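This report describes selected features of a predicted model. It considers nonpolar cores, helices and backbone geometry in turn.

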Amino acid sequence: MPEVSYFLSVSWMVIQFKRMLNRELTQLSETSRSGNQVSEFISSTFLEKQHDMDIMSAPNKEKDKNKWPMSQISGVKKPTHSPNLAPSTIPRFGVNTSQEGLLARELEDINRWGIDIFKVSEYSGNRPLTVTMYSIFQERDLLKSFKIPADTFITFVMTLEDHYHADVAYHNNIHAADVVQSTHVLLSTPALEAVFTDLEILAALFASAIHDVDHPGVSNQFLINTNSELALMYNDSSVLENHHLAVGFKLLQEENCDIFHNLCKKQRQSLRKMVIDMVLATDMSKHMNLLADLKTMVETRKVTSLGVLLLDNYSDRIQVLQNMVHCADLSNPTKPLELYRQWTDRIMVEFFTQGDRERDKGMEISPMCDKKNASIEKNQVGFIDYIVHPLWETWADLVHPDAQEILDTLEDNREWYQSMIPHSPSPNPKGKDEGALSGEATALSEGGGPTLADKFQFDLTLEEEGESDSESPPEDEEGCIVRGGSELCRTSCSEFDALSAAAHLLSKKLTTDSDRTFSFDTEKIMAEDT
């Protein structure tokens, strides 16, 4: 019965949260064109889509000579380097580089949040995933624990890294390395000390490494809308996430790539199950369910006498690991501002590239993918307010006080992007192009901009104003919602619906702001990766 009550509590929370968010996003979309862009982006990306059942005519398809049989996993290619590395010849960081000293200096911070992964990529000869994985596995002594030969490990990780696309601006090997390193740091948080086994740590790092492999630089919805082979293969369900898993595990079968060869059958089965659960949870449409689960865990948080989390069943343990990798995947806004801005530039290049493809195909352009009218700063503020801050605030509550510095950085970065939104409409000066406007934005940031006095602090509230008593659980005398024998307490933000207030503030700011268009030097960003 406790399990049933817990399930009902989580399910009810998900329903209430989605209802609240949908209502606020609807209001936000009515405030201005840019408000509508932010609302559509959040709704289409982080809420599971309810599909209409319109019957569409089949599009004309050009003959594709390179089509692969449905029985095969696409994207898997032959290694471009020798699979037989002599253990005695493996370099200090797993790759040969002329800048080993500079690389060593960067990797000294492998255990610190906010490592400059772009410099790691530069100094490693565009092998950030290989050097990061090799450094972390040595740091944690995982090669020895699971009897993984060093040459097999390097061969596998380099083969994996080769299957990330160099021409994709964001979802590439640099992002994979960043998520691996972020997961490594989160695993080391004091509140989780000695909580997870070596096998669980191995699974989390492996999941982080493969979680975007062979990413084509477009969204799940784009693949579904274009009737892609991947969408057909995976029945429109978590298309990319299923593909990343298939490619990641398939690569283990390449010559000298099976890093799990010395695991027993039970260990391999357990690791595979955990990895699948973690990577599928990186589907952003699952975000609200993950957040509701995590919020419930915070409210029912159990700790040992030493102050570390008590996770005594698989469901709780995998839930924390899923949210950990999800946090790492959504960690860009929590990193130092100069790194965050680089990530923002890259994701917008990827979005705009998809938008151009949609325009060329005569399709409806996805939210935030139209380079002609995207409002980048407003999108980042909305992204933080509605998605990133709620997630990280809840994670910070779970591991309190370990993540407070990360949360502070997130809020500072939110303030910076807020300050970059112009506070009064102004027409585009004659003769100035989009690139000039982007330059002016940078200049404004250097000179400092107005700060947000009434900064948004998100707290998930389980009661909605105006809801009938029949839809809401009973409350105790102190205003706590009671269900299933446990109390899911309302936050004490200001004794009002924080989400509604936040949306109101954001809507007000979006209404008074003019739309801005930005352009990025795609070739320059791509050149940095080669």
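## Nonpolar cores

The largest nonpolar core of this predicted model comprises 115 residues. Within this core, the residues with the most contacts are Leu129, Phe153, Phe196, Val275, Trp392 and Trp395. Helix H17, which spans residues 376–398, gives the most to the core, contributing twelve residues. In soluble globular proteins, nonpolar side chains tend to be buried together.

Leu129 may be taken as an example. Leaving aside residues up to four places away in sequence, Leu129 touches Val157, Leu160, Glu161, Tyr164 and Asn173, and also Ala176, Ala177, Val180 and Ala209.

## Helix H17

H17 is built from 23 residues, and the distance from its first C-alpha to its last is 31 Å, close to the 33 Å expected at 1.5 Å a residue. The helix has a kink of about 45°, centred on Ile384.

## Packing of H5 and H7

Helix H5 (128–139) packs against helix H7 (residues 150–162) at an angle of about 145°, and the two axes lie 8 Å apart. The crossing of H5 past H7 is right-handed.

On the H5 side, the residues that meet H7 are Pro128, Leu129, Thr130, Met133, Tyr134 and Phe137. Their counterparts in H7 are Ala150, Phe153, Ile154, Val157, Met158, Leu160 and Glu161. Leu129 and Phe153, both listed in this pairing, are also among the residues with the most contacts in the largest core.

## Backbone geometry in loops

Most residues other than glycine have a negative phi, and most peptide bonds are trans.

Asp141, in the loop between H5 and helix H6 (142–145), has a positive phi near 60° although it is not a glycine. Its relative accessibility is 38%, and Asp141 therefore counts as partly exposed. Asp236 also has a positive phi, of about 65°, and lies in the loop between helix H11 (229–233) and helix H12 (239–251). Asp236 counts as partly exposed because its relative accessibility is 40%.

Pro401 is located in the loop between H17 and helix H18 (404–419).

Definitions and conventions:
Residues are numbered from 1 along each chain as its sequence is written. This is a predicted model: local features need pLDDT of at least 70, side-chain atom pairs count only at pLDDT 80 or more; totals for chains, interfaces and linings use all residues. Side-chain values use heavy atoms; hydrogens and water are left out. A nonpolar core is a set of buried Ala, Val, Leu, Ile, Met, Phe, Trp, Tyr and Cys residues joined through side-chain atoms within 4.5 Å. Buried means under 20% relative accessible area, exposed over 50%, partly exposed in between (1.4 Å probe, protein chains only). Helices (H or I, at least four residues) and strands (E, at least two) are DSSP runs, numbered from the N terminus. Contact means heavy atoms within 4.5 Å. The expected span of a helix is 1.5 Å times one less than its number of residues. The bend at a residue is the angle between axes fitted to the seven residues ending there and the seven starting there. Axes are lines fitted to C-alpha atoms, for helices over the stretch in contact, and angles run from 0 to 180 degrees between N-to-C directions. A crossing is left-handed if the near helix is turned anticlockwise from the far one by less than a right angle, and right-handed if clockwise.
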